[in-house]
Amino acid sequence: ETFGRYGFNKSHSVAYSVLSYQTAWLKAHYPAEYMAAVLSSAIGDTKSVVSYIGECREMGIPVLPPDVNESGYHFTVLSDRELRFGLGAIRGVGRGAIDAVIAARAAGPFTALSDVAARVGHRVCNKRVLEALIASGACDGLGAHRAQHFAAVDAVLAEASVAHAEHAAGQET
């Protein structure tokens, strides 16, 4: 009974100390990879993501904004000391929409907001998703300002819907 009160806690403290040592080693020797993993593990918790991004800044690791042409679902390491914001951490963009963006991007980089809407599909990439991507800066690399993208959302989605209907009817241009 005496061992049961003390031994159980002692075994856990040993396991936690080994885990702490390994974590500290990874953070010291592979800081970008470590922080990308930590940020990716906190994708659903905005407060933690913001805190970890602050820690990245303190460590001298820049976290670049999301980009529809480069970002994956999780935070990714671009170089030895540089991270790219993961699309999964953008509020209002679901896993299905992100998977569709990544799949459509496999055919080549997006060139404009209309290209994103047309290739991803207007059902998956709806107004809410497009606006969240624009607001997060994920579409900044597509050649226009955010205000211009926001102003064009309805027209872009209408054009993508018409193109999809024509394609479904067998009319190719």
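Which residues in α2 meet which residues in α3? In this predicted model, P31, M35, V38 and L39 in α2 meet V49, Y52, I53, E55, C56 and M59 in α3, where contact means heavy atoms within 4.5 Å. Helices (H or I, at least four residues) and strands (E, at least two) are DSSP runs, numbered from the N terminus.

Residues are numbered from 1 along each chain as its sequence is written. Local features need pLDDT of at least 70, side-chain atom pairs count only at pLDDT 80 or more, totals for chains, interfaces and linings use all residues, and side-chain values use heavy atoms, with hydrogens and water left out.

Two packed helices are described by the angle between their axes and the distance between the axes. The axes of α2 and α3 come within 10 Å and cross at roughly 170 degrees; axes are lines fitted to C-alpha atoms, for helices over the stretch in contact, with angles from 0 to 180 degrees between N-to-C directions. That makes α2 roughly antiparallel to α3, a term for angles over 145 degrees.

Buried means under 20% relative accessible area and exposed over 50%, with partly exposed in between (1.4 Å probe, protein chains only).

Helix α3 (residues 46-59) has 14 residues and reaches 20 Å from its first C-alpha to its last, close to the 20 Å expected, that is, 1.5 Å times one less than its number of residues. V49, I53 and C56 are buried in α3. Seen down the axis of α3, its buried residues fall within an arc of 55 degrees, so they line one face of the helix; the arc is that of the directions from the helix axis to the C-beta atoms. An α-helix has 3.6 residues a turn, so residues three or four places apart point the same way. On the other side of α3, K47, V50 and E58 are exposed. The cover over the buried residues of α3 includes α2, β1 (63-64) and β3 (82-84). After α3 comes G60, with a positive phi near 80 degrees.

The strands β1 and β3 also belong to an open sheet of 3 strands in the order β1-β3-β2, with mixed pairing. Two strands pair if DSSP finds at least two bridges between them. β1 and β2 (76-79) are the edge strands, each pairing on one side only. β2 and β3 run antiparallel and are joined by 3 bridges, and T76 stands opposite R84 in β3.

Methods:
Parallel < 35°, antiparallel > 145°, perpendicular 65-115°, else oblique.
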